[in-house]
Amino acid sequence: MKRSKKFKLYKEAIDRINSEYDDRDLSDYTNYEVYEEEKPRHRFLKKLVKRLIILCTVVLMINLAVLLYTGRLWFNEPKKRDYPIRGPVVTESMGEIRWKNFTKQNIQTAYIRATKGTTFEDGAFRDNWNGSKGTDITVGAYHVLELDTDGTKQAEHFIKAVGEDLSGRLIPAVEVRLRGLYRLLPPDYYEAADNLADFCDKIEEQYGVRPVIYCTERTYKNIVAADSRFDKDKIWYESLFSKPDENIKWTFWTYTNRVKFSFYESGEYLHMAVFNGSEDDFKKLIM
């Protein structure tokens with residue numbers, strides 16, 4: 001009887017608890033149910049925000065690329081107050097140049113391509129050489145060195161095209177750059193250095209001055225800086241994304257290939273260089 005009575009009391013207690021549980025107030029669970037209902041919407045908003053961030057980033061990168069490509073933005077552009085003397089590289093690819101107007105665009109100097117190798121002469125060199133004479137800027141001529149060709153013969157070709165008298169012009173320059181297959185398969189740097197040295201010696205013999213050596217990072221490191229014969233030569237260094245290293249004593253620095261001016265036919269982008277020095281220092285480069 002005692003066990004039955006206890007069992008009955010336990011059963012009544014359980015029934016009472018169940019009854020109270022069935023009558024509970026569910027208002028406290030409303031927030032949970034709403035959260036469960038809003039969860040999909042929350043996920044959608046989160047994805048939307050992420051997509052908008054990605055889209056804005058892509059648009060920003062595209063705009064940045066366009067500004068860089070068009071030359072409107074250049075991270076390493078030297079300030080004019082530090083390097084007031086500057087000017088472009090001129091080749092036949094620019095087409096006809098109206099020199100009287102072209103030189104009035106805050107340009108103080110320019111180098112005109114004259115020759116390459118032992119046979120090539122820039123198709124517009126003579127027109128540009130004569131057209132630039134008497135303008136407000138000081139102009140020089142430069143030769144593109146073929147690394148595997150006799151340097152003395154290349155210099156003779158340059159002298160024949162430019163002439164023996166360079167009065168009022170800048171001292172000559174020679175461009176040393178890896179082109180074509182040499183970009184993938186390096187040339188014989190010792191042979192290239194010999195040809196460059198022979199070119200410079202012949203130019204000095206003719207004009208009494210050593211030419212400015214226009215080089216890129218690779219040709220400077222592997223040819224110019226690696227050979228003591230060029231230790232005292234003036235350097236024209238091309239570095240499009242940063243200033244030349246402090247240990248490089250440069251005379252000219254090509255800092256961009258995305259500059260445009262007016263008054264030339266093609267309207268293409270040009271290489272732009274600055275001179276490292278004062279106006280008096282610059283005058284020392286004039287023949």
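Buried here means under 20% relative accessible area, with exposed over 50% and partly exposed in between (1.4 Å probe, protein chains only). This is a predicted model, where local features need pLDDT of at least 70 and side-chain atom pairs count only at pLDDT 80 or more, while totals for chains, interfaces and linings use all residues. Residues are numbered from 1 along each chain as its sequence is written, and side-chain values use heavy atoms, leaving out hydrogens and water.

Let's start with the whole chain. Of its 287 residues, 40% count as buried. It has eight helices and nine strands, taken as DSSP runs numbered from the N terminus (helices are H or I, at least four residues; strands are E, at least two).

| Residue | Relative accessible area |
|---|---|
| Cys-200 | 0% |
| Cys-215 | 0% |
| Ser-132 | 2% |

As for disulfides (a pair of cysteine sulfur atoms within 2.5 Å), the count is zero.

Now to Ser-132. This residue sits in the loop between α4 (125-131) and β4 (138-144). Leaving aside residues up to four places away in sequence, Ser-132 touches Trp-99, Ile-112, Val-139 and Arg-169, where contact means heavy atoms within 4.5 Å. With Arg-169 there is also a side-chain to side-chain polar contact at 3.2 Å. That term covers a pair of N or O atoms within 3.5 Å; within protein, one must be able to donate a hydrogen and the other to accept it, and residues adjacent in sequence count only if both atoms are side-chain atoms.
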